Amino acid sequence: SSGINAEWPLRPGEYNGASIVAMKGKNCVAIAADKRLGIRFQTVSTDFQKIFPMGKKLFIGLPGLATDVMTFANELKFHTNLYNLSENREMAPRTFLSMVSNFLYKRRFGPYFIEPVVAGLDPKTDEPFIASTDLIGCPMITNDFVVAGTCLEQLYGMCETLYQPDMDADQLFECISQCLLNAQDRDAYSGWGGVVYVIEPNKITKRELKARMD
């Protein structure tokens, strides 16, 4: 034996594991993530933060390499605060997506190994907005749901099965929770509980989900 592990080509973005999903409802959006931090199949932590608030009604989920997640989240928060101070207003989700996309594309030759998911309400109109990008910042804006992470295929299957347009906040929470829990049960790299944020015009609700701990 040469001592080389040739199981499969290692993608840095899949090294730590993650599952993140965002969904659009009627006048509300939700974003959910698992809590696991792993080194491939070894679990290191069960309360790793993957969703970060970037405004009063704006959140970003960052699946990918854990070091890049923390670095990029801090960089985004710094520039969002700078924008709010200089413009004297909250950043709109669409503007925020452009900023995320620009930062990632700027580093395309040595990229951050993350695939961000943006969810929020417009500060003026409260219009729901969800979007995602790839690791070099190519944006994708949708009207139903976006998914990212190591259990991408499982999340797509669950969301396509359970999602319905114009759900209210409670229905949206139930739907996104079931999608996340049942998808991450079929992925060895993500799981160990979950966290869900439901963003409405007048409030933000954060709920923790219990899940299989194996």
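Asp166 sits in the loop between helix H3 and helix H4 (169–184), where helices (H or I, at least four residues) and strands (E, at least two) are DSSP runs numbered from the N terminus. The model is a predicted one, in which local features need pLDDT of at least 70, side-chain atom pairs count only at pLDDT 80 or more, and totals for chains, interfaces and linings use all residues. Residues are numbered from 1 along each chain as its sequence is written, and side-chain values use heavy atoms, with hydrogens and water left out. With a relative accessible area of 56%, Asp166 is exposed; here buried means under 20% relative accessible area, exposed over 50%, and partly exposed in between (1.4 Å probe, protein chains only). The phi angle of Asp166 is near 60 degrees, a positive value in a residue other than glycine. Asp126 also has a phi near 60 degrees. Asp126 belongs to the loop between strand E7 (117–121) and E8, and its 21% relative accessibility makes it partly exposed.

Turning to the aromatic residues, rings of Phe, Tyr and Trp (its six-membered ring) pair if their centres lie within 6.5 Å; planes under 30 degrees apart count as stacked, over 60 as edge-to-face and the rest as tilted. The count by this rule is 5 aromatic pairs. Phe59 and Tyr197 make a tilted pair, at 4.7 Å centre to centre and with 35 degrees between the planes. This pair links distant parts of the chain, since Phe59 is in strand E6 (residues 58–61) and Tyr197 in strand E11 (residues 194–199), 138 residues apart. Both Phe59 and Tyr197 are buried. The ring centres of Phe145 and Tyr156 are 6.3 Å apart and their planes stand at 65 degrees, so this pair is edge-to-face. Phe145 lies in strand E10 (residues 145–149) and Tyr156 in helix H3 (residues 152–162), so the pair ties together parts that are 11 residues apart in sequence. Phe145 is buried at 8% relative accessibility, whereas Tyr156 is partly exposed at 30%. Together with Tyr163, Phe145 and Tyr156 form one aromatic cluster.

Arg108 lies over Tyr105 at 4.2 Å from the ring centre, and Arg207 over Phe173 at 4.3 Å.

Next come the pockets, found on a 1 Å grid over the protein atoms alone: a pocket is an open set of points with protein on both sides within 12 Å along at least five of seven lines, while a cavity is a set where a 1.4 Å probe fits but cannot get out, and lining residues have an atom within 4 Å of a point. Grid points are joined across faces, edges and corners, and a volume is the space filled by probe spheres set on the points. The largest pocket holds about 450 Å³. Its lining comprises 23 residues, with Ile114, Glu115, Ala148, Gly149 and Leu152 nearest the centre. Strand E8 (128–133), E10 and H3 each supply at least two residues of this lining.

The largest cavity has a volume of about 30 Å³. Among the residues lining this cavity are Asn16, Leu37, Phe48 and Lys50.

Definitions and conventions:
A charge sits over a ring if NZ of Lys or CZ of Arg is within 6 Å of the ring centre and within 35 degrees of the ring normal.
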